[in-house]
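Trainee: Could you take me through the ligand site in close detail, along with the parts of the chain that lead up to it?

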Amino acid sequence: MAKKRILVTGGAGFIGSNFCNTHCNTYDVTALDNLFLGDPEHLLPEVTFVEGDAADRKTLDGLGLFDCVVHFAGTSSAPMFLEHVVDAYRNSILSYLEVLEFANRTGAKKVLYASTSSLYGNTPPPLAEDQPPVPTNHYSVTKIAMEHISACYQRTHPQLDTIGFRFMSVYGPHEEHKGIFANLISQFAWGMMRGEQPIVYGDGKQTRDFTNVQDVVQGITRAMETKTRLGNQIFNIGTGKSTTILDVIAAINRSLGTNVPPRHIENPVRESYIYSQLADIGKIRTMLGYEPSVPLEAGIRDLVAHTKNPAQVSARDRRAQANAIPT
Ligand SMILES: NC(=O)c1ccc[n+]([C@@H]2O[C@H](COP(=O)([O-])OP(=O)(O)OC[C@H]3O[C@@H](n4cnc5c(N)ncnc54)[C@H](O)[C@@H]3O)[C@@H](O)[C@H]2O)c1
């Protein structure tokens with residue numbers, strides 16, 4: 001029997017490449033990426049890589065038919081919206097609409113897409129899917145819009161399931177291309193491997209629900225593979241545990257065998273800084289059987305083992321900074 005076909009947009013990115021590599025032996029996986037940020041070197045040879053834009057209808061139509069589309073493409077963090085806000089909105093919203101239309105006209109059964117926990121703003125944790133979104137920056141506005149677009153789309157095209165995922169703070173291998181936009185754990189680990197002190201805003205007691213990328217892959221996979229029709233759904237993906245920044249630094253030190261102390265500075269982020277993050281993962285547990293499987297300490301050890309050359313990451317940081325805004 002022919003393998004099921006999956007299209008992964010943003011497939012050369014951090015989460016996308018981990019998703020593609022996990023599934024490339026079981027499914028026929030195509031990664032589409034315009035390489036604004038991603039790096040096809042992340043991908044295993046079994047993944048079919050296509051360089052192209054998810055907002056481009058002709059490109060999509062040239063890819064063939066898929067059982068399922070997993071959509072990670074888009075402008076992937078809040079600071080990327082600062083300089084070219086119109087382009088960033090265009091990139092995120094139009095690519096999602098084109099992907100929905102493509103999935104619909106080619107008979108795909110599901111579109112699974114990346115939303116974000118940033119849309120909870122400073123809502124007191126635990127963060128649950130039925131709490132109202134708080135649009136604190138353009139990035140979260142695009143994700144809130146994508147969730148509304150999905151709900152409308154599913155009402156008019158009920159044969160196509162649309163499933164969104166509000167990821168907490170995702171860390172893991174393959175994030176080098178994101179440079180200054182990478183997760184705190186990566187940035188701290190790369191710096192500490194170069195002997196640099198991690199810079200901590202304030203006392204370091206702020207918390208995040210740090211979630212290993214393999215658990216993000218697990219959550220999306222459960223929604224992709226379930227035989228139950230999901231319709232239009234939103235799921236948090238996190239661990240249900242929160243960790244302080246100081247505890248993360250201690251764990252990185254343990255995994256490196258170092259004792260690099262943090263350098264505390266006054267928090268330069270005046271508005272909308274998130275002090276605590278903790279997911280309520282009850283919905284995805286109950287509906288999909290998701291269970292976080294990578295403890296933070298093990299995830300950090302794995303990340304450190306994957307970062308072979310932190311000096312090279314430093315050069316990539318500068319490249320990412322120079323190319324921070326999509327054109
Ligand atoms: N990493 C996190 O902690 C996190 C948290 C919440 C949500 N998300 C969301 O998850 C998704 C993936 O994030 P990531 O961390 O892997 O970021 P990433 O920047 O590594 O991945 C996004 C990929 O999409 C590509 N891309 C951008 N616009 C495109 C377009 N129009 N057509 C084709 N490719 C395009 C980029 O080149 C990049 O490879 C994003 O939508 C992001 O907003 C990430």
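Mentor: Here's a walk around the ligand, then along some backbone and a helix.

First, the ground rules: this is a predicted model, where local features need pLDDT of at least 70, side-chain atom pairs count only at pLDDT 80 or more, and totals for chains, interfaces and linings use all residues. Residues are numbered from 1 along each chain as its sequence is written, and side-chain values use heavy atoms, with hydrogens and water left out.

Now the ligand. Its shell holds 29 residues, with Asp-33, Asn-91, Tyr-139, His-177 and Lys-178 the closest; a residue is near if one of its heavy atoms lies within 4 Å of the molecule. Sorted by class, that shell has 14 nonpolar, eleven polar and four charged residues. For the classes, Ala, Val, Leu, Ile, Met, Phe, Trp, Tyr, Cys and Pro are nonpolar, Asp, Glu, Lys and Arg are charged, and the others, Gly among them, are polar.

Let's look at some N or O pairs. A ligand oxygen is 2.6 Å from an N or O atom in the Tyr-139 side chain, and a ligand oxygen is 2.8 Å from one in the Ser-76 side chain. Phe-14 uses its backbone instead: an N or O atom there lies 2.9 Å from an oxygen of the ligand. On its own the ligand exposes 830 Å², and the protein buries 96% of that (Shrake-Rupley areas, 1.4 Å probe). Helix H1 (14-23) and helix H4 (138-156) are the elements giving two or more residues to the shell; helices here are DSSP runs of H or I with at least four residues, strands are runs of E with at least two, and both are numbered from the N terminus.

Next, the backbone. Most residues other than glycine have a negative phi, and most peptide bonds are trans. The Pro-125 to Pro-126 bond is cis, with omega near 5°, and Pro-126 sits in the loop between strand E5 (110-114) and H4. His-174, though not a glycine, has a positive phi of about 80°, in the loop between strand E7 (169-171) and H5. It counts as buried because its relative accessibility is 18%, where buried means under 20%, exposed over 50% and partly exposed in between (1.4 Å probe, protein chains only).

Asn-183 caps its N-terminal end, with a side-chain oxygen 2.9 Å from the backbone nitrogen of Ile-185. Just after H5, Gly-195 takes a positive phi of about 85°.

Notes: Polar contact = N/O pair within 3.5 Å; in protein donor to acceptor, adjacent residues only side chain to side chain.
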